[in-house]
Amino acid sequence: GWRKAYAAIEKLKQQFPGKAFPALAEAEYWKDYAWDARGGGYADSVTREGWKLFGERLEKAEQVLIQSKPYASRFPTWYEQMVEVQFLLGRPAHDQATVFQEGLTRYKGYYPLYFRMVDFTSPKWGGSWQAVDNFVKWSVDSTRDREAETLYARLYWYAYQRLLPGEELFRDTRASWPKMKKGFDDLLARHPKSHWNLNNYAHFACMAGDKATYLRLRQRMGKNVVPEAWRGAPTLDVCRAKFGV
C-alpha cells in the first residue's frame with residue numbers, strides 16, 4: 001500500500017498547497033517507509049540494502065520538513081518529527097539541540113517533544129539511564145514554573161512504557177519513587193477527576209512497594225478501575241494479593 005498512500009498524499013498537496021497537514025503527512029510517510037526497509041530488529045540484523053534505503057528515505061523526510069518549515073512549524077508536530085529524523089540520520093548533536101530548544105521555546109507544553117528525547121537518551125539508542133535522568137531533571141527544572149513537579153512523573157511514566165523485557169523501572173533506571181510520587185501528587189491536584197492518572201499512580205505505588213500510598217489511592221479509585229492502566233506488571237490482582245484492599 002505504499003504507492004497508494006503516497007498517491008493520496010500527492011493529491012492532498014495539490015488540493016491544499018502550502019498547508020501544514022500534507023507536508024507533515026509526507027514526512028511521516030517517508031519516516032515509516034524508512035522503517036519498513038530497515039525492519040524492527042537489532043542493528044546487526046539489517047541488510048546493507050536495508051540501511052541504504054533507511055537513510056535515503058529519512059533524508060527525503062528531512063527535506064520535506066526543511067522545505068515546509070515556514071508554514072508547517074506552526075504545529076509542534078513539525079519539531080517532534082524533525083528531532084526524530086535528525087537523530088536517526090546521525091546529524092550533529094548541536095543541530096538536534098537547536099531544533100529541540102526552538103521547539104520548546106514555541107511549544108513549552110508539548111509533551112511528545114520531551115518523550116522523543118527520553119527515547120534518544122535511553123540505553124536502547126546508545127544512551128544511558130543516567131543520561132535519561134539528567135534530561136528528566138533538566139526538564140523539571142525548566143518547567144517548574146508551569147508544571148510544578150509533574151514532568152518528573154510524566155517522563156518516567158513514559159520511560160516505563162519503553163522498558164525492554166526483563167527491565168524494571170525502580171531497579172534498572174534512575175527513577176526516584178519519592179520524586180515520582182510528588183509529580184503524581186501535583187498531577188492529581190491539576191486533574192482531580194482523571195481516573196486514568198489515579199489508576200496509574202496506584203499502579204506505580206504498588207510497583208514501588210509503597211503500601212500506604214497504594215491503599216489510599218485504591219480506596220479513592222473505588223469502582224473506577226481503568227484496566228489499561230494495569231496491563232504491565234504488577235497487575236491489580238497481584239497488588240490486591242500483596243497489600244489487600
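**Cavity, pocket and helix packing in a predicted model**

The largest cavity is lined by Val118, Asp119, Ser122, Pro123, Lys124, Trp125, Trp129, Ala159, Arg162, Leu163, Leu164 and Glu167. The model is predicted, so local features need pLDDT of at least 70 and side-chain atom pairs count only at pLDDT 80 or more, while totals for chains, interfaces and linings use all residues. Residues are numbered from 1 along each chain as its sequence is written, and side-chain values use heavy atoms, with hydrogens and water left out.

A cavity is a set of points where a 1.4 Å probe fits but cannot get out. A pocket is an open set with protein on both sides within 12 Å along at least five of seven lines. Lining residues have an atom within 4 Å of a point. Grid points are joined across faces, edges and corners, and a volume is the space filled by probe spheres set on the points.

The search of the whole structure returned 1 cavity of 30 Å³ or more. The largest cavity holds about 110 Å³ of space. Its lining divides into 7 nonpolar, 1 polar and 4 charged residues. Here Ala, Val, Leu, Ile, Met, Phe, Trp, Tyr, Cys and Pro count as nonpolar, Asp, Glu, Lys and Arg as charged, and the others, Gly among them, as polar.

The largest pocket holds about 400 Å³. It is lined by 15 residues, of which Trp35, Arg38, Gly40, Lys124 and Trp125 are the closest to its centre. The lining comprises 7 nonpolar, 2 polar and 6 charged residues. H2, H4 and H6 each contribute at least two lining residues. H6 gives the largest share, 3 residues. Helices (H or I, at least four residues) are DSSP runs, numbered from the N terminus.

Helix H4 covers residues 77-89. Its 13 residues reach 18 Å from the first C-alpha to the last, close to the 18 Å expected at 1.5 Å a residue. The expected span is 1.5 Å times one less than the number of residues. H4 is largely enclosed by the rest of the structure, because 11 of its 13 residues are buried. Buried means under 20% relative accessible area, exposed over 50%, and partly exposed in between (1.4 Å probe, protein chains only). The buried set in H4 includes Trp78, Tyr79, Met82 and Leu89. These buried residues of H4 pack against helices H2 (20-38), H3 (48-72), H5 (93-106) and H6 (111-121). Contact means heavy atoms within 4.5 Å. Gly90 follows H4 and has a positive phi, near 70°.

Helix H8 (150-161) has 12 residues, which should span 16 Å at 1.5 Å a residue; its end C-alpha atoms are 17 Å apart, which agrees. H8 is mostly covered, with 11 of its 12 residues buried. Among them are Thr150, Arg154, Trp157 and Tyr160. The cover over the buried residues of H8 includes H6, H7, helix H9 (169-172), H10 and H11.

The loop between H7 and H8 contains Ala148 and Glu149. Ala148 is not a glycine, yet its phi is positive, about 55°. Most residues other than glycine have a negative phi, and most peptide bonds are trans. Beyond four places in sequence, Ala148 touches Val140, Thr143, Asp186 and Arg190. The C-alpha atoms of Ala148 and Lys182 are separated by 9.4 Å, although these residues are 34 residues apart along the chain. Glu149 is in contact with Val140, Arg144, Lys182, Gly183 and Asp186, leaving aside neighbours within four places in sequence. The side chain of Glu149 also makes a polar contact with the side chain of Arg144, at 2.6 Å. A polar contact is a pair of N or O atoms within 3.5 Å; within protein, one must be able to donate a hydrogen and the other to accept it, and residues adjacent in sequence count only if both atoms are side-chain atoms.

Two further loops were examined. His191 lies between helix H10 (177-190) and helix H11 (195-207). At 38% relative accessibility, His191 counts as partly exposed. His191 touches Arg154 and Asn197, not counting residues up to four places away in sequence. Pro234 lies in the loop between helix H12 (211-221) and helix H13 (236-243). The peptide bond from Ala233 to Pro234 is cis, with omega near -5°.
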